[in-house]
Amino acid sequence: PLKRMEAELVRDTALWVADRLDNTQFGPADPVNVRKDGLVTAKPVHGSWRRSVYLRQRRKEFPTFLSTFDLPSMTPNCIQRPESTVALQALFLMNNPWMNDLAGDIAKKTTDSLETDTERLNYLYESLLGRLPTKDDLEAATELLEAVRGQADLEKFPMVDWQSLCHTMLMSSEFLYVR
């Protein structure tokens with residue numbers, strides 16, 4: 001049976017794959033930004049973010065990413081962690097600029113370090129999903145890349161094709177769930 005990763009693990013894994021995770025231990029909690037629209041977002045420190053366990057959490061200021069993915073209540077005791085799968089989670093991943101930025105970081109790292117599309121796809125599947133792509137995966141990914149290339153202004157947005165693929169993979173069930 002599939003089990004969705006906990007909120008902290010989803011966030012930390014996305015940061016790790018994008019090379020934006022700071023593994024520094026201990027010290028004060030990382031700051032958050034409470035936006036006017038109500039979203040509570042983590043502030044990067046020196047261009048990266050620490051693991052979720054080091055993120056400041058207050059009763060009225062839960063980081064939106066973590067609370068969307070069932071962060072346990074910060075009441076005196078949490079006997080059982082809730083687990084839900086709702087449309088808001090998918091919409092959050094799809095529309096969150098931070099996730100799109102992480103996808104861009106993954107795309108840049110991939111396109112800068114590897115030459116061919118096949119090498120890049122193999123790398124993305126291994127790092128994001130923990131396996132090599134199947135023939136069907138390669139065909140679907142190639143179709144997505146070509147579709148985006150056909151609609152996008154690649155001179156203005158040179159990595160939008162790979163960024164779209166990385167963002168799609170970050171939103172996939174295979175990224176969010178473990179067996």
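This report walks through the predicted model of a protein, from its overall layout to a few single residues.

## Overall layout

Let's start with the big picture. The protein contains eight helices and six strands. Reading from the N terminus, the order of elements is β-α-β-β-β-β-α-α-α-α-α-α-α-β.

How much of the protein is buried? Of its 179 residues, 36% are buried. The protein exposes about 10,800 Å² of surface, and carbon and sulfur atoms supply 55% of that area. Now consider contacts between residues at least 6 apart in sequence: 63% of them join residues at least 24 apart.

In soluble globular proteins, nonpolar side chains tend to be buried together. Here, the largest nonpolar core has 31 residues, and the members that touch the most others are I106, L124, L128, L165 and L170. At least two core residues come from each of α1 (7-17), α3, α4, α5 (117-129), α6 (135-151), α7 (160-171) and α8 (173-176). Helix α4 is the top contributor, giving six residues.

Take a closer look at L165 in your viewer. Leaving out residues up to four places away in sequence, L165 touches L121, L124, A141, L144 and L145.

## The largest pocket

Next, find the largest pocket, which holds about 320 Å³ of space. It is lined by 17 residues, and those closest to its centre are V40, T41, F92, N96 and W98. Which elements give two or more residues to this lining? They are β4 (40-42), α2 (64-68), α3 (87-95) and α4 (97-113).

Sorted by class, the lining of the largest pocket has eleven nonpolar residues, four polar ones and two charged ones.

## Two residues with a positive phi

Most residues other than glycine have a negative phi. F26 has a positive phi of about 65° although it is not a glycine. You will find F26 in the loop between β2 (21-22) and β3 (32-34). Is F26 buried or exposed? With a relative accessible area of 62%, F26 is exposed.

H46 is also not a glycine, yet its phi is positive, at about 60°. This residue sits in the loop between β4 and β5 (49-50). H46 counts as exposed too, because its relative accessibility is 81% and the cut-off for exposed is over 50%.

Definitions and conventions. Residues numbered from 1 in each chain as written. Predicted model: local features only at pLDDT ≥ 70, side-chain atom pairs only at ≥ 80, totals over all residues. Heavy atoms only, no water. Helix = DSSP H or I, 4+ residues; strand = E, 2+ residues; numbered from the N terminus. Buried < 20%, exposed > 50% of the residue type's maximum accessible area, 1.4 Å probe, protein only. Contact = heavy atoms within 4.5 Å. Areas by Shrake-Rupley, 256 points an atom, 1.4 Å probe, with all protein chains shown as cover. 1 Å grid on protein atoms, 1.4 Å probe; cavity = no way out; pocket = protein on both sides within 12 Å on 5 of 7 lines; lining within 4 Å. Points joined across faces, edges and corners; volume = space filled by probe spheres on them. Nonpolar A, V, L, I, M, F, W, Y, C, P; charged D, E, K, R; others polar. Core = buried A, V, L, I, M, F, W, Y, C linked by side-chain atoms within 4.5 Å.
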